[in-house]
Amino acid sequence: MATEIPIEIFSNPKHEWHAKNDPVMGGESTSTVTIDTDSGVGIFDGEVVNVPFLDAPGFITMETKAGRSGKGWIKRLLPKAGDFPDVSSCSALQMVMTSTTPEYKGYRVSFGNVHVPGGRYAYGYKANFKAPNGEGTVTIPFNQFSAKWDDATGDQIVTCAENPKYCPDDETLKSMQTFALWGEGVAGNLHIELKSISAVDCSGNGAVVLDTAAHNTRSAAETVVEQQVRDGSNATDSFLHPIGVVAFVAFVALFGTKLTRRKRKDSAYNKVLP
């Protein structure tokens, strides 16, 4: 058991994950990202190969960023999906995963959008990690990340220890905005299956006790509310029951459909809406 703040639990993911490869730079690396909620894993599988005109290995990523889910007017009504929690009270990043390619040497992980002048394509704080042989836990202290890294190889140029100005700042830790796992700068195949991503050794109000074996999170406040509903001591909270939420969403959808049909008659109105 560990006190931590969950960033992503793949049995019930809140982020939208996708693959991005070096072919955008003329490379030939390939990868796929598959979210299997039944098995509770996010699968990152691929191969890093040389970029022909550079004669050096390229990159593949499994990445996500903050934003809203849904489309059109419903996107504006729904709460933001994929937002990142405040982990500024935590001291390290932790990933629970299974890997069949622990021998691959180009694993990296990054977060944030900070950009160091001269870095060109280097955005965010990045660190290397070693994948476990089979199932295991990877823990990386935040002071092992650096914003000063080589965008050609992924290697750190100046570490956080060498110059604190390249250490993750509070603004980024309060909202990472982006998160990515990489295979970079080393040719080869990789395969990892992520169960969870969390920040650990936390002291903030968002910290929970997370059972890493079951990947089950529950805050103290949630436990109290659940007990009150069970005992009937706070009947008004029953509106938060999933049935109540579904009914509310159905009402909003019906109202929105009627509103959309009415507004379609006004072409000028449609031009204003994004």
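Begin by selecting C160 and C167, which form a disulfide with their sulfur atoms 1.8 Å apart; a disulfide here is a pair of cysteine sulfur atoms within 2.5 Å. Before going further, note that this is a predicted model, in which local features need pLDDT of at least 70 and side-chain atom pairs count only at pLDDT 80 or more, while totals for chains, interfaces and linings use all residues. Residues are numbered from 1 along each chain as its sequence is written, and side-chain values use heavy atoms, with hydrogens and water left out.

**The two disulfides**

Stay with C160 and C167 and look along the S-S bond: the torsion about it is about 95°, so this disulfide is right-handed. Both cysteines are buried, where buried means under 20% relative accessible area, exposed means over 50%, and partly exposed lies in between, with a 1.4 Å probe and protein chains only.

The structure holds 2 disulfides, so next select C90 and C202, which are joined with an S to S distance of 2.0 Å, because a disulfide is defined as a pair of cysteine sulfur atoms within 2.5 Å. This pair links distant parts of the chain, 112 residues apart, with C90 in the loop between β9 (80–81) and β10 (92–99) and C202 in the loop between β17 and β18 (208–211). The strands are DSSP runs (E, at least two residues), as the helices are (H or I, at least four), and both are numbered from the N terminus. The torsion about the S-S bond of C90 and C202 is about 110°, so that disulfide is right-handed, and both of its cysteines are buried. With the bonded cysteines numbered in sequence order, the pairing reads 1-4, 2-3.

Now colour strand β17, residues 188–200, and pick out K195 within it. Is K195 buried or exposed? At 19% relative accessibility, K195 counts as buried, and its side chain makes a polar contact with the side chain of E135 at 2.8 Å. A polar contact is a pair of N or O atoms within 3.5 Å; within protein, one must be able to donate a hydrogen and the other to accept it, and residues adjacent in sequence count only if both atoms are side-chain atoms.

From here, show M95, F142 and F179, the residues with the most contacts inside the largest nonpolar core, which has 41 residues. The largest share of this core, 5 residues, comes from β17. A nonpolar core is a set of buried Ala, Val, Leu, Ile, Met, Phe, Trp, Tyr and Cys residues joined through side-chain atoms within 4.5 Å. Centre the view on M95 and, leaving aside its neighbours within four places in sequence, look for its contacts, among them V109, F129, L181, L194 and I197; contact means heavy atoms within 4.5 Å.

**The second core and A180**

A second, separate core of 5 residues includes A122, W149, A180 and W182. Select A180, found in strand β16 (residues 178–184), where A180 is buried with a relative accessible area of 5%. Apart from neighbours within four places in sequence, A180 is in contact with M62, E63, R108, V109 and S110.

**The whole chain**

Finally, zoom out to the whole chain, whose secondary structure comes to 5 helices and 19 strands, and in which buried residues make up 39% of the 274 residues.
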